[in-house]
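Subject: Structure handover

Hello,

Here is the structure you are taking over. Please open it next to this message while you read. My notes follow below.

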Amino acid sequence: MPAAQPADILVLPRVPEPPPTEPDRPVARIGTAHRQLEGAGFPVRRPFPGAVAFREADPFLLLDHIGPIHWAPREARGAPWHPHRGFETVTYILDGAMRHTDSHGGGGLIRDGDTQWMTAGSGILHDEMPPEDLFRHGGLFHGTQLWVNLPRRLKWTPPRYQEIPRDRVLLLASQDGGALVRVIAGELAGHRGPGVTWTPIDYLHASLSPGARLRLPWRPDFSALAYVLVGSGQVGAERVGLRAGQVALFGPGRAVTVWADRQQDGEYSPNLEILVLGGLPIREPIVQWGPFVMNTREEIVQAVEDFQRGRMGSVPATPRAGGGQASAAQGVEPGKAET
Ligand code: MN
């Protein structure tokens, strides 16, 4: 798994554990991601919305987990041109590669531990596709896409694109060195990750050695969720079991704890690979229609109209690998959450 790795975990700064008197956050619920096809037809596991509701995941809207999957030659798929308004998409690649192009001039190829952070804000068209070599020859792909909501006052912020190469991801270690913590965005005990976020969040990818424990200080005003990418472990005050494809929603508190089972399946990674995320809840009404997330139905009607009239930008009509003809209409089918 090529996601950011240190040469020596023991030289990394350590995450100080919360004091033993601080109870671990309890587990409010465990949910299992549902499976569906996205974009031009790639399978995702989606822990939320679904198993966890919008108001529980707040300030997050959606998490898609793609792979790990071995694409056969000409099988890799992406999400051709489609619009977004009202939130941010964060694409994190553990293995393989993805090319981003957007109508605001942002874009780039990310691979093996890199992150793309796109603030759709007032509206943008983008294209998220496997690069030509991955499409042509096939290969391993593993990644996630997280949607971070924007509050009403920021829904009309101008679009912005950030690329976070893996060597900028902040690496920390647990007290005994049994867990590696990658801070993609947010702050952990004074250590700040590279992602610049409109909405205060923490977005971490941790790798726990078999049997290891990770006890994290957590802001009491932040929500807290954990999603297992690969492997199995336990979470929270009750040490509830959590395996690949499952999400845990935590109750209140100042400490989030994860344990890795002693036996891991080991095929993809010898470790428990887990995302730990949370943020300051926005607590506003959420109306989603496909790729638009606003506060009211009227704003959704306006978004569809703005998109149809070309006010979110224009698409170059070039065919490409892995998704067929460019089609800006793709992303606005009712009830379809384009990634
Ligand atoms: Mn998208």
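A residue is called buried if its relative accessible area is under 20%, exposed if over 50%, and partly exposed in between, using a 1.4 Å probe and protein chains only. By that rule, buried residues make up 58% of the 339 residues in the chain.

The model is predicted, so local features are given only at pLDDT of at least 70 and side-chain atom pairs only at pLDDT 80 or more, while totals for chains, interfaces and linings use all residues. Residues are numbered from 1 along each chain as its sequence is written, and side-chain values use heavy atoms, with hydrogens and water left out.

The whole chain

The chain has three helices and 26 strands. Helices (H or I, at least four residues) and strands (E, at least two) are DSSP runs, numbered from the N terminus. For 339 residues, a compact globule would have a radius of gyration near 20 Å, and the 19 Å of the chain agrees with this. That radius is taken over C-alpha atoms, and the globule rule is 2.2 Å times the number of residues to the power 0.38. Along the principal axes, the C-alpha atoms fill a box of roughly 60 × 45 × 30 Å. Of the contacts (heavy atoms within 4.5 Å) with a separation of 6 or more, 75% are between residues 24 or more positions apart.

The manganese site

Which residues coordinate the manganese ion? They are His82 (NE2), His84 (NE2), His126 (NE2) and Glu128 (OE), at 2.1 to 2.4 Å. Donors here are N, O and S atoms within 2.8 Å of the metal (3.2 Å for Na, K and Ca); water is not among the atoms, so sites may look incomplete. The spacing of the donor residues in sequence is H-x1-H-x41-H-x1-E. His82 belongs to strand S5 (residues 79–84) and His126 to strand S10 (residues 124–129), so this pair ties together parts that are 44 residues apart in sequence. His82 is buried at 1% relative accessibility, and His126 is buried at 0%.

The sheet around S5 and S10

Two strands pair if DSSP finds at least two bridges between them. S5 and S10 run antiparallel and are joined by four bridges, and Ala79 stands opposite Glu128 in S10. Both strands belong to an open sheet of four strands with antiparallel pairing, in the order S5-S10-S7-S8. S5 and strand S8 (107–111) are at the edges with a single partner strand each, so one side of each has no neighbour in the sheet.

Strand S4

Ten of the twelve residues of strand S4 (residues 60–71) are buried, so S4 is largely enclosed by the rest of the structure. Two bridges join S4 to strand S3 (residues 42–48), antiparallel, with Phe48 opposite Leu63 in S4. Nine bridges join S4 to strand S11 (residues 139–149), also antiparallel, and Ile69 has Phe141 in S11 as its bridge partner.

Backbone details to check

- Asp58 and Pro59 are joined by a cis peptide bond with omega about 15°; Pro59 is in the loop between helix H1 (54–57) and S4.
- Gly67 and Pro68 are joined by a cis peptide bond with omega about 0°; Pro68 is in strand S4.
- Ala189 is not a glycine but has a positive phi of about 50°, and at 43% relative accessibility Ala189 is partly exposed.
- Arg239 is not a glycine but has a positive phi of about 50°, and at 42% relative accessibility Arg239 is partly exposed.

Regards
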